[in-house]
Amino acid sequence: MHRVGSAGNGNNSTRPRKEKRLTYVLNDSDDTKHCAGINCLALLSSGASDGSDYLFTGSRDGRLKRWVLDVDRATCSATFESHVDWVNDAVLVGDSTLISCSSDTTIKLWNALSFGTCTRTLRQHSDYVTCLAAAGKNSNIVASGGLGGEVFIWDIESALTPVSKNNDATGDESSNGINGSGNLLPLTSLCSISSNDNMSMHTTQTQGYIPVSAKGHKDSVYALAMNESGTILVSGGTEKVVRVWDTRSGSKTLKLRGHTDNIRALLLDSSGRYCLSGSSDSMIRLWDIGQQRCVHSYAVHTDSVWALASTPTFSHVYSGGRDFSLYLTDLQTRESSLLCTGEHPILQLALHDDSIWVASTDSSVHRWPAEGCNPQKIFQRGNSFIAGNLSFSRARVSLEGSTPVPVYKEPTLTIVGTPAIVQHEVLNNKRHVLTKDASGSVKLWEITKGVVIEDYGKVSFEEKKEELFEMVSIPAWFTVDSRLGSLSVHLDTPQCFSAEMYSADLNIVGKPEDDKVNLARETLKGLLAPWLRKRKQRSGSSVPANGELLPGKDAASRSSTHSRIEVDGSSENDAMVYPAFEFSVTSPPSIITEGTHGGSWRKKTTDVDGTKDEKDFPWWCLDCVLNNRLPPRENTKCSFYLQPCEGSSVQILTQGKLSAPRILRIHKVINYVIEKMVLDKPLDNLSAESSFPLGLTGSQSQHQEVGDGSFRSGFQPWQKLRPSIEILCNNQVLSSEMSLATVRAYIWKKTDDLVLNYRLVQGR
């Protein structure tokens, strides 16, 4: 697993920022599907639920889904959304508790049979949590491991015990996945395992529990496994050894050496005597823990082994990995058979009766025949081979051209996912993002509405990007990534408030065409519209008094830090959401952010019910949507000089440096020139009584403003008779629709103040 910055993980971000970020994730129109690789699988059989078999899938899109399994179909019956980064592993304990871990450093507990209820968030890990292991019979014991080199053993029953919100702890209780209190859950019967035998004991008065802790592993942990009774735990990772632990004391009992690369998958038999390990050295090894030795080595794969699943009797193993292939191997006879070959690396396996579910880096999950009850049937079909015991055995066989033929060509069932976005480009208008997904399909997204506005199909991404190029310059008011398989749009204050457009360019009806619209402000209003409606219904008022917005201490500190706050606009329309910023309610975006108390959270905009209120959101978001206030921003003005072209007979009375909004169009500058123009001779096409209003003479020291409203309604009786003026920059005639920012970026191309020239168009 590569160390990549999390979309919403503020705790471990290496990028310094003072204020909390707000991210919104654009969801596909069919939200029942995953849109990124499937990292984990968990099966809940009918014996422990309501008569249906359920498959749980955890994805790199940050969500888990529950599927009702029938013979010929799987139906999504719930989505579990609260993690803000990849879901890396999931296990089921008891009859209805689902436990997941994530790259957001948290472990979450869910009611598996609910419609996505998160019952607790545990925040003990300092880095990505990569793997989980559960005890089969002792459903209280779960272990977690991660990139921080830590392994923790949890007593789930104690972890679910209600806690006082006034105590320091290691988790939070939240029915909706939002950390309301920000306090951490008491560490209950928690063991932290280290790479040495010494345990450091300390007592913490946290709800009466005494956690046992020790220093972590030397390096990252990628795999865990536990026996049924929960007394033995094995762990593996980048240290290339299998470590065996006594879960009751948290002490290390032994190391098993033999692999030459990272250990990526582990299995224990029910008794805890035998262990299977899969490694990036392409080998599978069978260990006898009692004898502390490797019993067999199996050279089955041609690349890293990432996933293992065994038959109930531990007589056969199914294995998959980076070579896209799924193998079945008899652990005693070493006979092996290639079951199937896919198009993506295999990440996890789940045996289900006579079938096996295969998760991969693709967003779809496949079910293949496995003959789990009688694996020998597969070997009777022929095409099997004897697995070598040296890592180069399979590579040599492959080079000799004797690659085995897959037993099965097609899966018996596929849970189809949405292809993940693998490439994206923010277009110059800073409202559209061009994407390419894993299937090669190219789409155009409007991020201020969260929708696809054009599906181009399978075309060249680079050619389409060139075709859509516009010579416009708008400040970068957001950043975007596709780490979760979909577009995540990040807003950081104050830079997100730097972009403005005229209402006319956004086709806003009922608003003066020259009114400036702040893109981030209107986007926030559109995003939080469902929350604002629920808040209004609950409180009975639409906008609170300023003093109600933030807790007194926070408000005081904010106002002292940001003494210069802008109130943006005062029209009656400020509370309404304009069409250009209306987000879908059928496939709404998800918000990822961190409130004034507690850790990051993720929810669909339509699911944020307003009960937690202001504590859920960054203060600057609330100040914008509730109080209509924007933080201090960088200069949105553009300074420039306006001079006559060499030899021009036209002069204007204004001289010196001028200033105007960056988005001001050149046709406004033309109007300004005409307004201030002095003609040394009358124009033939103007009548004697036609005249132009003259401006005040400017000096070199004056810094005059060119307003948006200059000649807003044009000229009066002499409008049709006005002279034709053109504006140039670097001897290039400018389009009247260009903005000053665009001219500066694409024509002027200097850091000095912009210089514009004007002249009369001859013969017009």
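**Reading the model with care**

Analyst: Over residues 710-720 the pLDDT stays under 50, and for this stretch the model has 18 contacts beyond four places in sequence. The model is predicted, and pLDDT is the predictor's confidence in each residue, from 0 to 100.

User: What is the average pLDDT of the protein, and what share of the residues score at least 70?

Analyst: The average for the protein is 80, and 76% of the residues score at least 70. A further stretch, residues 164-189, has a pLDDT below 50, while the model gives it 86 contacts beyond near neighbours in sequence.

User: How many helices and strands does the protein have, and how much of the protein is buried?

Analyst: There are 11 helices and 53 strands. Buried residues, meaning those under 20% relative accessible area, make up 56% of the 764 residues. Of the contacts in the protein with a separation of 6 or more, 58% are between residues 24 or more positions apart. The accessible surface comes to about 32,300 Å², and carbon and sulfur atoms account for 47% of that surface.

User: Which residues does UniProt list for "repeat: WD", and how much helix and strand is there over residues 80-111?

Analyst: The unreviewed UniProt entry lists residues 80-111, 122-164, 214-255 and 256-297 under that name. Over residues 80-111 the chain is 0% helix and 62% strand, with the end C-alpha atoms 10 Å apart.

User: Where does lysine 108 lie, and is lysine 108 buried or exposed?

Analyst: Lysine 108 lies in strand S8, which covers residues 107-111, and with a relative accessibility of 1% it counts as buried.

User: Why is helix H10 described as largely enclosed by the rest of the structure?

Analyst: As a general idea, an α-helix has 3.6 residues a turn, so residues three or four places apart point the same way. Helix H10 spans residues 666-676, and because 9 of its 11 residues are buried, it is largely enclosed by the rest of the structure. The buried residues of H10 include Ile666, Val669, Tyr672 and Val673, and among them are also Lys668 and Lys676.

Key. Residues are numbered from 1 along each chain as its sequence is written. This is a predicted model: local features need pLDDT of at least 70, side-chain atom pairs count only at pLDDT 80 or more; totals for chains, interfaces and linings use all residues. Side-chain values use heavy atoms; hydrogens and water are left out. Helices (H or I, at least four residues) and strands (E, at least two) are DSSP runs, numbered from the N terminus. Buried means under 20% relative accessible area, exposed over 50%, partly exposed in between (1.4 Å probe, protein chains only). Contact means heavy atoms within 4.5 Å. Accessible areas come from the Shrake-Rupley method with a 1.4 Å probe; for residues, only the protein chains shown count as cover. UniProt positions are given in the numbering used here, feature names are shortened, and annotations may be inferred rather than shown by experiment.
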